[in-house]
Amino acid sequence: MNTSELWSHDVFANIVKFAKKDARNIARRMALQYEMKKKAWEAVNSSHRKSGSIDSSRIVKFKTSDNIFMKKSMSNEGTSHGLILTIDWSGSMDSLIKKVACQFLITTLYCKYIKIPFEVYTFTNGESGKELLSGLSFRLIASNKNSEAELMEIFAHMYSYGAQSRGPDVFSSRYTSYIKKHFGQLRCTPLYPAMMMSYHKAHDMRNSTGMENISIMFITDGEGDNDYSYASTIQDPYSVRSYSYNSLSVNKTTSSVISAINKMIRDSGFKTFNIFLTHDDVSRSIREFFSAHDEYLSQSTKQKLMETASADFKKQSFTTINNFMFYNTWIGVNANLFPEDKAINNNVSTPKSEDEVYRVLKNENTLIKNLSTIGSTINDILVSDFKIK
């Protein structure tokens with residue numbers, strides 16, 4: 001199995017161009033931003049002092065200047081980074097797999113270009129009953145050990161699987177079995193055990209690599225389906241600190257569990273953010289999250305946040321909210337922002353209410369521009385400690 005199976009079909013011409021050109025260009029721009037911010041931070045945080053050794057070439061200037069000593073530069077290197085990318089592989093992601101594949105490729109190429117360690121996992125519920133944390137299936141599908149060609153191949157597998165379930169039947173059942181074996185079968189959404197497992201993986205990466213700044217990035221389309229109504233706290237297995245959450249109802253429980261786990265992650269020095277994919281107006285999803293979370297916010301504040309997020313979403317096809325459910329940043333993304341293959345394009349029926357937005361999204365330059373902007377947002381999160389104050 002290799003990328004030639006995807007590249008050989010005419011219906012995927014748009015995606016071949018995206019993978020071979022656009023995704024690489026976006027990742028390179030992200031890498032350039034990373035290096036610029038890192039170098040700027042290092043320049044501002046470097047110092048020079050006299051070494052105590054005389055520079056013989058400057059002795060002739062001694063009568064007019066006492067600057068005859070060699071200087072020693074004290075350079076502070078920018079801190080090192082790592083990334084854990086955790087992908088929702090549940091049944092509801094069926095229509096979004098191709099979009100996830102595109103984001104996977106941009107993110108992993110970016111990590112390769114800036115040479116930081118990364119690991120990519122998919123999660124769903126377990127098939128064998130032997131997985132850790134309440135039947136969680138948590139599969140490593142890629143890492144910094146993979147070459148760029150191998151990442152392209154993983155992208156092709158993922159995209160092709162999504163295309164098979166949503167478009168022309170161009171691949172065999174053997175191929176589908178291969179995907180299910182290596183990526184997992186689309187089942188339920190054990191989000192909270194997956195968040196806990198991602199937390200463990202971040203600790204493992206910190207311990208094995210010595211990386212100082214590790215981020216955990218989730219790609220989801222909603223909340224988990226776990227029932228935490230019989231508990232009221234989560235205990236950090238490393239610090240043994242307890243984190244409480246509201247368990248008065250199922251709705252209050254779910255979002256509050258997210259908040260508790262994210263707070264635990266951030267207290268341990270990791271960053272956490274979520275790319276939330278949706279076909280709907282993002283304000284509806286935010287309203288549902290608000291119904292179970294951030295009760296301390298006034299109704300007017302909630303309304304303003306939803307209106308701002310909705311306006312941004314309609315204008316640029318994504319929106320960002322900082323410190324939402326204790327994520328450092330929550331990024332709501334219109335799934336139509338990602339490029340499509342010809343077969344699906346030719347059969348799309350667009351609701352009237354979405355005509356204007358859809359026309360904007362079909363403009364290729366706008367697609368790439370907005371994907372680049374999301375890339376910049378991700379970059380800002382990873383290198384926030386490089387910001388010059």
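1. Start with helices α9 and α10. In this predicted model, α9 covers residues 282-290 and α10 covers residues 299-316. Their axes sit 8 Å apart, and the packing angle is about 155°. Angles over 145 degrees count as roughly antiparallel, so α9 is roughly antiparallel to α10.

2. As for handedness, α9 passes α10 in a right-handed crossing. On the α9 side, V282, S283, I286, R287 and F290 make the contact. They meet K302, L305, M306, A309, S310 and F313 of α10.

3. Helix α2 takes in residues 13-44, helix α3 residues 97-114, and the two pack at an angle of about 45°. Here the axes are 8 Å apart. With that angle, α2 and α3 are therefore oblique to each other.

4. The crossing of α2 past α3 is right-handed. From α2, the contact uses F18, A19, A23, R24, I26, A27, R28, M30, A31, Y34 and E35. From α3, the partners are C102, L105, I106, L109, Y110, Y113 and I114.

5. The α2 list includes R24, R28 and E35, if you want to find them in the viewer.

Conventions
Residues numbered from 1 in each chain as written. Predicted model: local features only at pLDDT ≥ 70, side-chain atom pairs only at ≥ 80, totals over all residues. Heavy atoms only, no water. Axes fitted to C-alpha atoms, helices over the stretch in contact; angles between N-to-C directions. Helix = DSSP H or I, 4+ residues; strand = E, 2+ residues; numbered from the N terminus. Parallel < 35°, antiparallel > 145°, perpendicular 65-115°, else oblique. Left-handed = near helix turned anticlockwise from the far one by under 90°. Contact = heavy atoms within 4.5 Å.
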